[in-house]
Amino acid sequence: MEQGVLVELLAALAVAAAGVAVFARLGLPTMAGFLAMGALVGPGALGLADPEHVRALAEFGVVFLLFEIGLELPFDRVRDAWREAVAAGALQVALTVALVAGGAVAVGVDPPVDFVLGALVAMSSTALVMGLLTEREEADAPHGRIAVGICLFQDLCIVPFLIALPILAGRAGASAGDVALSVAKLVGGVGALAVVARAVVPR
């Protein structure tokens, strides 16, 4: 079994390397090459790798990618651009949710479901966007800073969206007190992280 998993991982890595080389040759982003090759080796296409077998490795990859993003995104930059991030991020999320939800209602989708669809479409991959900006050396450009700010705002919106899901589903356990407690935990966690990043980590 372990040998079979190793073969699957090696096959996936080989296909990924070949795909990224082709995308780079064509002048396309390498991140898009990884996504395309991942879809190719998955069960929906060639079926060369079982998603359950590569899930743990993929989670490690996401952790290291987020660590790299943290290295390239200092706290001072986030602090200086928070106004742009809130303004642009709130506008993007609100407009996307409204447009997608309105379109879903127009085709007969139930109101709770159309909000969920809008929230899904409004979210972007911070790791993917940062990877593309870093690859193009545009992370420090004005549009790069705005794009990163929007992605960070989207990441913060994930928590209230997850809190809203049981409420929209009509579950009895989702009371106003539970929502307030979750929001308080979010604010407290972000505040504690900011204090640690600002006062403890540099020392």
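I began with S124, which touches C151 and Q154, leaving aside residues up to four places away in sequence; a contact here means heavy atoms within 4.5 Å. Before going on, I noted that this is a predicted model, where local features need pLDDT of at least 70, side-chain atom pairs count only at pLDDT 80 or more, and totals for chains, interfaces and linings use all residues. Numbering starts from 1 along each chain as its sequence is written, and side-chain values use heavy atoms, with hydrogens and water left out.

Where does S124 lie? I found S124 in the loop between α6 (111–122) and α7 (126–135); helices are DSSP runs of H or I with at least four residues, numbered from the N terminus. S124 is partly exposed, at a relative accessible area of 38% (the class runs between buried, under 20%, and exposed, over 50%, with a 1.4 Å probe and protein chains only).

Next I followed α7 to its contact with α2 (residues 30–41). T30, M31 and L35 in α2 meet A127, L128, G131, L132 and E135 in α7.

Finally, I looked at the whole chain. I counted nine helices and zero strands. Buried residues make up 24% of the 203 residues.

Key:
Helix = DSSP H or I, 4+ residues; strand = E, 2+ residues; numbered from the N terminus.
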